[in-house]
Amino acid sequence: MAGVPGSHSGWTFVTNHARVLAAIADDPNVRIRDIAAHCRLTERAVQRIISDLEQDGYLSHTRDGRGNTYRIEPDKVLRHPAEAGLSVASLLSLLVQDETARAVRPEE
């Protein structure tokens with residue numbers, strides 16, 4: 001996972017649920033501790049968000065030794081009526097940088 005973003009105050013365009021989902025999409029074996037640091041959330045908040053996402057079928061996990069491997073359901077549609085018909089994959093395509101983009105553009 002890339003470096004931890006700087007601090008921020010005020011409102012944002014992206015929800016914490018979307019940030020956590022993007023962190024998992026970036027690394028399906030990511031630890032909750034690393035998600036929390038990257039998203040600037042507590043580990044407990046990340047656990048609640050993962051639980052929400054699993055409960056509604058957007059995410060599942062399997063134990064892998066002491067860690068988890070997460071699986072995102074890319075075809076699941078977003079919950080809000082304003083995004084009717086948009087899939088999780090569509091959202092993640094905006095939020096997750098692929099490795100080639102990271103290599104070309106240095107971290108800010």
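1. The lining of the second largest pocket has twelve nonpolar, four polar and four charged residues. Here Ala, Val, Leu, Ile, Met, Phe, Trp, Tyr, Cys and Pro count as nonpolar, Asp, Glu, Lys and Arg as charged, and the others, Gly among them, as polar. This is a predicted model: local features need pLDDT of at least 70, side-chain atom pairs count only at pLDDT 80 or more, and totals for chains, interfaces and linings use all residues. Residues are numbered from 1 along each chain as its sequence is written, and side-chain values use heavy atoms, with hydrogens and water left out.

2. Pocket volume and position. The volume of the second largest pocket is about 520 Å³. Its lining counts 20 residues, and those closest to the centre are Thr15, His17, Ala18, Leu78 and Leu91. Helices H1 (16-26), H3 (43-55) and H4 (88-95) are the elements that each give two or more residues to this lining. H4 gives the most, with five residues. A pocket is an open set of points on a 1 Å grid over the protein atoms alone, where a 1.4 Å probe fits, with protein on both sides within 12 Å along at least five of seven lines; lining residues have an atom within 4 Å of a point. Grid points are joined across faces, edges and corners, and the volume is the space filled by probe spheres set on the points.

3. Overall layout. The protein has five helices and two strands. From the N terminus on, the order is α-α-α-β-β-α-α. Helices (H or I, at least four residues) and strands (E, at least two) are DSSP runs, numbered from the N terminus. Of the 108 residues, 24% count as buried. Buried means under 20% relative accessible area, exposed over 50%, and partly exposed in between (1.4 Å probe, protein chains only). Among contacts between residues at least 6 apart in sequence, 45% join residues at least 24 apart. Contact means heavy atoms within 4.5 Å.

4. The core. The largest nonpolar core has 22 residues, and Val20, Ile24, Ile35, Ile50 and Leu59 have the most contacts inside it. H1, helix H2 (32-39), H3, E2 and H4 each supply at least two residues of this core. Such a core is a set of buried Ala, Val, Leu, Ile, Met, Phe, Trp, Tyr and Cys residues joined through side-chain atoms within 4.5 Å. Take Ile50: leaving out residues up to four places away in sequence, Ile50 touches Val20, Ile24, Ile32, Ile35, Leu59 and Tyr70.

5. Helix H1. The buried residues of H1 are Ala18, Val20, Leu21, Ala22, Ala23 and Ile24. Their cover includes H2, H3, strand E1 (59-64), E2 and H4. Ala22 is buried, at 12% relative accessible area. Beyond its neighbours within four places in sequence, Ala22 is in contact with Leu92, Leu95 and Val96. Ala22 and Ile72 lie 9.8 Å apart, C-alpha to C-alpha, yet 50 residues apart in sequence. Asp26 is also placed in H1. Asp26 counts as partly exposed, at 24% relative accessibility. Asp26 and Leu95 are 69 residues apart in sequence and 9.4 Å apart in space, C-alpha to C-alpha.

6. Ser87. This residue sits in the loop between strand E2 (67-72) and H4. Is Ser87 buried or exposed? Ser87 is buried, with a relative accessible area of 16%. Not counting residues up to four places away in sequence, Ser87 touches Pro74, Asp75, Lys76, Val77 and Leu78.

7. Aromatic pair. The structure holds one aromatic pair. Trp11 and Phe13 form it edge-to-face, 4.8 Å centre to centre, with 75 degrees between the planes. Rings of Phe, Tyr and Trp (its six-membered ring) pair if their centres lie within 6.5 Å; planes under 30 degrees apart count as stacked, over 60 as edge-to-face and the rest as tilted. Both Trp11 and Phe13 are exposed.

8. Backbone check. Arg40 has a positive phi of about 60 degrees although it is not a glycine. Most residues other than glycine have a negative phi. Arg40 is in the loop between H2 and H3.
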